[in-house]
Amino acid sequence: MAEMGLAEIKQALSGLAVTDEIEVVKTIPAPPPAEGEEPGKPVEVKEKIQQTMLFTPDYAKKGYHLDVKVTPEDVVTAARILIGQEFFLEAITGVDWIKEGQIEVVYDFNLWQKLCRVVIRTRTDRAKPEVPTISDIYSGANWHERETHDFFGVVFTGHPDLSPLLLPEDADFHPLLKDFKA
Amino acid sequence: METEKLQSPIVHLAPLDQVLALGRANSLWPMTFGLACCAIEMMAAGASRFDLARFGAEVFRPSPRQCDVMIVAGTISKKMEPAVKTLYDQMPEPKWVIAMGNCAISGGPFVFPGQYGIVEGADKFLPVDIYIPGCPPRPEALIEGILELEEKITGSRRWPRVQCG
Amino acid sequence: MSAEVIDKSLETFVLNLGPQHPATHGVLRVKLTMDGEYIVHAEPVLGYIHRMHEKMGENRTWAQFMPNTGRLDYLAALSYNHGYAMAAERAEGIEVPERAEYIRCITVEMNRIASHLLWFGAFVLDLGGFTPLLYAFDDREQILDLLESVTGARLTFCYFRFGGVYNDIDDNFITGCREFIKRLRSRMPMYHDLVTKNIILIKRLKDIGPISQDMCRRYGATGPVLRGSGVNFDVRKHEPYSVYPEFDFDIPVYTECDSMARYMVRMDEMEQSMRIVEQGLNKLPEGPVMAAKAPKILKPAKGDYYCAVEAARGSFGIRLVSDGTNTPYRLKLRSPTFSNLSLFSEACQGMLLPDALALMGTLDLVIPEIDR
């Protein structure tokens with residue numbers, strides 16, 4: 001039953017997934033040894049490949065079924081597709097990848113009828129983080145986005161009121177950034 | 001409350017003060033001011049098993065104008081601090097403060113290097129009379145705190161001290 | 001019942017509810033724009049008990065964060081222990097022995113009953129009835145005695161460890177649980193007679209505070225709020241974890257979408273939890289309560305993991321991002337009451353203030369869980 005929902009949504013979101021250049025480690029086995037020679041050791045090479053960032057991870061290990069990375073602009077399209085397929089929004093959060101200079105915004109979606117968890121990710125520049133809002137599609141995103149703005153400083157363009165939710169009204173700091181000093 | 005000089009010279013003022021102190025101590029009206037987890041133990045202390053009513057303190061008033069004692073039960077965040085100060089100022093004299101729980105005493109388990117959100121203890125901005133440690137303290141500990149406050153007000157303890165061990 | 005008060009040219013005034021208020025169950029502030037007794041606009045203001053749990057998650061080792069989970073939603077703290085332990089076990093690949101799983105489920109369900117009893121007492125107190133609180137607390141103290149004998153704590157539990165639980169249950173606990181279930185079952189008819197069938201309660205709750213399924217979907221509401229709106233969604237059945245598939249229990253669902261439906265869902269859930277505890281005690285296997293190969297220091301593989309459990313208030317989720325070290329890189333706590341409260345603003349428009357407070361009571365809020 002879960003596979004039906006998963007296949008549909010994977011099909012619907014596959015057009016939005018970005019293609020990233022990622023580094024993989026390939027193990028090349030040693031050539032067969034000649035007469036009287038010791039067998040050689042396998043060699044590990046690092047290789048850069050183009051990878052479509054749409055994964056169906058092992059649910060037992062990871063806890064979700066579909067993982068799609070999209071551009072910030074496509075987040076709105078993805079949200080529209082998901083609400084059309086009757087998904088509900090569980091959470092929105094951010095992750096500060098300071099070494100890569102990016103902030104990742106992660107959206108978790110879930111389904112009432114069948115077991116199908118979908119994760120939508122997007123990355124934005126750490127110096128000026130901007131992602132369009134989905135609060136006109138999913139009303140609950142209003143508060144989640146305010147919280148992500150509080151903690152990471154991500155500006156959700158088009159959000160009706162991005163004032164602090166959990167921090168004091170006059171707070172101008174973003175505590176969950178890795179270089180935050182109290 | 002000032003004691004007025006009475007006309008008749010037969011009445012002494014010191015016993016009157018003692019009577020007033022006894023009356024205040026045995027009818028402390030706390031404010032419903034639970035901030036976090038300790039609030040539940042405060043509710044449990046007022047409920048059926050531990051029964052704060054035996055000591056006269058079951059009348060939890062929401063309005064600060066009608067209270068004697070503010071039991072700060074829970075963590076005080078920096079956003080909440082002005083509200084706590086306002087409530088304390090609104091209470092009429094004589095008033096007392098009990099800091100219940102580790103968070104109200106010194107910030108509790110939420111103190112770490114780089115903490116940005118809480119005030120490390122109610123005594124940073126309020127005059128605290130009684131400290132009740134625990135995370136959360138048992139309802140019996142709150143009752144002991146109220147009895148200590150009574151002793152502080154009247155000068156003597158009416159209830160027996162329970163020896164441990 | 002609710003008037004059409006969308007016309008903003010009416011004379012309105014702003015009323016501040018909280019942050020210190022007996023009915024907000026914690027430090028919640030709601031800025032109400034009122035037209036007389038009717039609410040035109042309600043805006044909850046949060047952050048008065050923001051205790052930096054997610055920042056602490058990045059500063060603490062995996063094991064040091066466990067006490068924090070008990071202080072999120074302190075009324076049902078064992079479910080939060082459970083969610084965090086499961087998430088870390090999933091990330092590290094630790095298998096929990098069967099006896100420990102049964103003990104986990106039994107104690108979580110006892111905690112759920114205690115949480116619902118407290119909700120019941122506090123909710124009726126909000127509506128103006130003081131007596132049920134005292135009865136409910138009496139029953140709740142029995143549960144807390146049992147849990148204290150096993151875990152050592154009354155409220156903010158820290159009982160689960162990665163790989164099991166730290167203390168085994170003894171025969172006193174098992175007998176005590178069975179006696180308690182018998183006692184509570186005999187008292188539930190009294191609760192229903194005193195409160196549920198009370199004409200005042202029925203008038204206060206029936207057809208008050210409708211929350212539609214569409215609203216639940218848009219805001220991500222879960223738990224009894226969702227089940228009172230007719231959606232059969234409970235993580236224990238929908239996404240089974242631990243040993244819940246071994247138990248035979250029902251999920252109460254009411255379709256009326258009003259406050260009375262949410263009230264009845266929680267009352268019925270107490271009975272279902274009692275069934276689970278009974279079956280768990282009957283089927284409890286022998287064995288160790290801690291995994292033999294549980295590592296002392298956790299260092300999960302790089303990547304992110306998600307884990308959800310059914311807490312007393314809804315679906316509690318943890319999103320862990322690990323970078324291979326002994327502290328989490330990012331620890332996101334998905335709080336069910338956060339999503340449940342976010343629909344309050346839309347749901348209470350045009351309602352009378354006391355009705356809105358009845359609605360807020362049925363959402364079963366614990367503010368430290370919202371503010372984290």
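A residue counts as buried here if 20 or more other C-beta atoms lie within 10 Å of its own, as exposed if 12 or fewer do, and as partly exposed in between, with C-beta atoms placed from the backbone. Keep in mind that this is a predicted model: local features need pLDDT of at least 70 and side-chain atom pairs count only at pLDDT 80 or more, while totals for chains, interfaces and linings use all residues. Residues are numbered from 1 along each chain as its sequence is written, and chains are lettered from A, with ligands numbered from 1, in the order in which they are written.

**Stop 1: chain A**

Select chain A and colour by burial: 40% of its 182 residues are buried. Walking along the sequence, the order is α-β-β-β-α-β-α-β-β-β-β-α-β.

Now zoom out. The C-alpha trace spans about 75 × 45 × 25 Å along its principal axes. Of the chain A contacts with a separation of 6 or more, 58% join residues 24 or more positions apart; two residues are in contact if their C-beta atoms, placed from the backbone, lie within 7 Å.

**Stop 2: where A meets its neighbours**

Show chains A and B together. Their contact takes 4 residues from chain A and 5 residues from chain B. The chain A side has 3 nonpolar, no polar and 1 charged residues (Ala, Val, Leu, Ile, Met, Phe, Trp, Tyr, Cys and Pro are nonpolar, Asp, Glu, Lys and Arg charged, and the others, Gly among them, polar).

**Stop 3: a helix pair in chain B**

Select 37-46 (α2) and 139-154 (α5) of chain B. They pack at about 75°, with axes 8 Å apart (axes are lines fitted to C-alpha atoms, for helices over the stretch in contact, and angles run from 0 to 180 degrees between N-to-C directions). That makes α2(B) roughly perpendicular to α5(B) (65 to 115 degrees; under 35 is roughly parallel, over 145 roughly antiparallel and the rest oblique). Show side chains for B:E41, B:M42, B:A44 and B:A45, which meet B:P139, B:L142 and B:I143.

**Stop 4: inside chain C**

Go to α6 (171-196) of chain C and its partner α11(C): their angle is about 165° and their axes are 11 Å apart. The two are therefore roughly antiparallel. Their contact has 9 nonpolar, 1 polar and 4 charged residues.

Finish on α14 (353-362) of chain C, where 8 of the 10 residues are buried, including C:L357, C:L359 and C:M360. Those buried residues pack against β3 (38-45), α4 (98-127), α7 (199-205), α11 (259-283) and α13 (344-347) of chain C. After α14(C) comes C:D364, with a positive phi near 55°.

Definitions and conventions. Helices (H or I, at least four residues) and strands (E, at least two) are DSSP runs, numbered from the N terminus.
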